[in-house]
Amino acid sequence: INGKIFTGQGQAIARNAGRTGRARVPEHALRSAWRQWQPPDWVEGFDALFEVWSEDDGFQLMEVDRAQ
């Protein structure tokens, strides 16, 4: 079982700002969801955890070292 840790709230808000119509989420809703989100933790039994962020060419992944 793999877990993903999403980073870059500012990047998500910027991507959302480029959307129109029903595809665009109100910014306050994004910020509220971000505050409530709890990242996955090794104690939950994950086999691997990945940090995920966006760049100009798409999403990037980096495996999180279990020692962190």
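**Reading a predicted chain, residue by residue**

Me: Asn16 is classed as buried, with a relative accessibility of 4%. What does buried mean?

Reply: This model is predicted. Buried means a relative accessible area under 20%, and exposed means over 50%. Asn16 has 4% relative accessibility, and therefore counts as buried.

Me: Which residues does Asn16 touch, not counting residues up to four places away in sequence?

Reply: Setting aside those sequence neighbours leaves the partners that the fold supplies. For Asn16 these are Ala23, Arg24, Val25 and Leu30.

Me: How many helices and strands are there in the chain, and which pattern does the chain follow?

Reply: One counts the elements, then notes their order. The chain has 2 helices and 3 strands. Along the sequence, their order is β-α-α-β-β.

Me: Where is Ser54, and is Ser54 buried or exposed?

Reply: Ser54 lies in strand β2, residues 48-55. Its relative accessible area is 12%, so Ser54 counts as buried.

Me: Which side chain makes a polar contact with the side chain of Ser54?

Reply: In such a case one looks at the side-chain atoms and the distance between them. The side chains of Ser54 and Arg15 make a polar contact at 2.8 Å.

Me: Is Leu61 buried or exposed?

Reply: Leu61 is part of strand β3, residues 58-63. With a relative accessible area of 55%, Leu61 is exposed.

Me: How many residues apart along the chain are Leu61 and Thr7, and what separates their C-alpha atoms?

Reply: Leu61 and Thr7 are 54 residues apart along the chain, while their C-alpha atoms are separated by 11 Å. For Gln38 and Ile5, the values are 33 residues and 9.1 Å. For Glu44 and Val64, they are 20 residues and 15 Å.

Me: Where are Gln38 and Glu44 found?

Reply: Gln38 is in the loop between α2 and β2, and Glu44 is in the loop between α2 (27-36) and β2. Gln38 is exposed at 67% relative accessibility, and Glu44 is exposed with a relative accessible area of 55%.

Me: What does the side chain of Glu44 reach?

Reply: A side chain may have a backbone atom as its partner. The side chain of Glu44 reaches the backbone nitrogen of Asp41 at 2.7 Å.

Me: What radius of gyration does the chain have, and what would a compact globule of 68 residues have?

Reply: One sets the value for the chain beside the value for a globule. The chain has 14 Å, but a compact globule of 68 residues would have a value near 11 Å. The C-alpha atoms fill a box of roughly 40 × 30 × 20 Å along the principal axes. Of the 68 residues, 19% count as buried.

Me: How far apart are the mean positions of the positive and negative charges?

Reply: One averages the places of each kind of charge. The chain holds 8 positive and 10 negative charges, and their mean positions are 13 Å apart.

Notes:
Residues are numbered from 1 along each chain as its sequence is written. This is a predicted model: local features need pLDDT of at least 70, side-chain atom pairs count only at pLDDT 80 or more; totals for chains, interfaces and linings use all residues. Side-chain values use heavy atoms; hydrogens and water are left out. Helices (H or I, at least four residues) and strands (E, at least two) are DSSP runs, numbered from the N terminus. The radius of gyration is taken over C-alpha atoms; the globule rule is 2.2 Å times the number of residues to the power 0.38. Buried means under 20% relative accessible area, exposed over 50%, partly exposed in between (1.4 Å probe, protein chains only). Lys and Arg count as positive and Asp and Glu as negative; His and the chain ends are not counted. The place of a charge is taken as NZ of Lys, CZ of Arg, CG of Asp or CD of Glu. A polar contact is a pair of N or O atoms within 3.5 Å; within protein, one must be able to donate a hydrogen and the other to accept it, and residues adjacent in sequence count only if both atoms are side-chain atoms. Contact means heavy atoms within 4.5 Å.
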